[in-house]
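Student: I have a sequence and a 3D model open. Please show me how to read them.

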Amino acid sequence: MSSAPRDALQFPASDRGFLEAHLPPQDGSAPQSDLPFTTLTFATSLDSSLALSPGARTVLSGPQSKAMTHYLRSRHDGIIIGVGTAVADDPGLNSRISGVGGYGKEGLDGQPRPVVIDPTARWEFSDDSKLFQLCREGRGLAPWIITAVENPNAEKQALLERLHTGGHQVDWPDLLVTLKSNGLESVMIEGGGQIIKSLLSPLSMSLLDSVIITIAPTWLGEGGVVVSPARRFDESGNAISAARLKNVKWYPFGEDVVLCGQIKLSG
Ligand SMILES: NC(=O)C1=CN([C@@H]2O[C@H](COP(=O)(O)OP(=O)(O)OC[C@H]3O[C@@H](n4cnc5c(N)ncnc54)[C@H](OP(=O)(O)O)[C@@H]3O)[C@@H](O)[C@H]2O)C=CC1
Ligand SMILES: Nc1nc(O)c(N)c(N[C@@H]2O[C@H](COP(=O)(O)O)[C@@H](O)[C@H]2O)n1
């Protein structure tokens, strides 16, 4: 066993139990599907903001819920973010839980595959980008980038055309099926605001198996990156809620509260 890097996080077994019902099953009991087990997870303020402004990396999670997020990362095969998040945060997107590959264990076992949705290839990554540093240091997997490149080969072009349904909107079912067929049995989607809004649309929300949200006891104030799905209306034109959770459980976690549930699809 190699020694754990200094940024290794502890997430004790006593804290793991409550999450189990909300995570991809480990015992092979997942139903047969072309889709991966998909978890939407992010941290929000009391005024539903993910960050102080679109370009600002903002700490919301306290130490325990941050460790929880890293544990969630170790329990999924992939992490999806939008290019806005990649540009704003220069994120690492690895799991820094002690005992995971690269963190006290040889190899990269338990490390999720970072997947960046970047339709116009505007993320200007370099050797210094955190994702690439971690990969070189054996502490994370190399990212996959879902993009439209200028001169793709025929196979890649066909894939991109299938995934993009017009504008820059990814076709979520196609993307998820493609990720599963490339070996990702489970994915967690971290954000940011636009990606979450798109997933919570009526056409996409049924793709979510689990929702795990950290709520931090702070208001970020006006101008934040707000999570607010598009308004929905009933047949009479009256506004109805855009999305709602069922089977809800709340867990106090340090100063934060972690909300777990599933998307309620009807009623
Ligand atoms: N607190 C938390 O847990 C988290 C916070 N964040 C924060 O969120 C902020 C970033 O959020 P935001 O600015 O909304 O950016 P996003 O990460 O949501 O990325 C937005 C971009 O992704 C592309 N995109 C969005 N939706 C789709 C879609 N349906 N199909 C295809 N491409 C799509 C578009 O790229 P293009 O315009 O090029 O077409 C869009 O501009 C950052 O400040 C980050 O810190 C992020 C994750 C988690
Ligand atoms: N769970 C959670 N809590 C917060 O307070 C956050 N700001 C985020 N952000 C997400 O984590 C990414 C950064 O990850 P690394 O620490 O660099 O690995 C960031 O890009 C968001 O996706 N999440």
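Student: Which residues surrounding ligand 2 are the closest?

Tutor: A residue counts as near a molecule if its C-beta atom, placed from the backbone, lies within 6 Å of it. Here 15 residues surround ligand 2, and the closest are A43, L60, S61, P91 and G92. The elements that give two or more residues to this shell are α3 and β5. The model is predicted: local features need pLDDT of at least 70, side-chain atom pairs count only at pLDDT 80 or more, and totals for chains, interfaces and linings use all residues. Residues are numbered from 1 along each chain as its sequence is written, while chains are lettered from A and ligands numbered from 1 in the order in which they are written.

Student: How many residues surround ligand 1?

Tutor: The shell around ligand 1 has 31 residues, with G82, G84, G191, G192 and G193 the closest. Those giving two or more residues are β1 (37-44), β2 (78-82), α3 (83-89), β5 (186-191) and α7 (193-199). Helix α3 gives the most, with five residues. Helices (H or I, at least four residues) and strands (E, at least two) are DSSP runs, numbered from the N terminus.

Student: What is the strand order in the open sheet?

Tutor: Two strands pair if DSSP finds at least two bridges between them. The eight strands run β4-β3-β2-β5-β1-β6-β10-β9, with mixed pairing. Strands β4 (144-147) and β9 (245-253) each have a single partner strand, so one side of each is left without a neighbour in the sheet.

Student: In which sense do β1 and β6 pair?

Tutor: Strands β1 and β6 (residues 210-215) pair in the parallel sense, over six bridges. L40 has V211 as its bridge partner in β6.

Student: How many helices and strands does the chain have?

Tutor: The chain has seven helices and 10 strands.

Student: What share of the chain is buried?

Tutor: A residue is buried if 20 or more other C-beta atoms, placed from the backbone, lie within 10 Å of its own. Buried residues make up 38% of the 267 residues.

Methods: A residue is buried if 20 or more other C-beta atoms lie within 10 Å of its own, exposed if 12 or fewer, and partly exposed in between; C-beta atoms are placed from the backbone.
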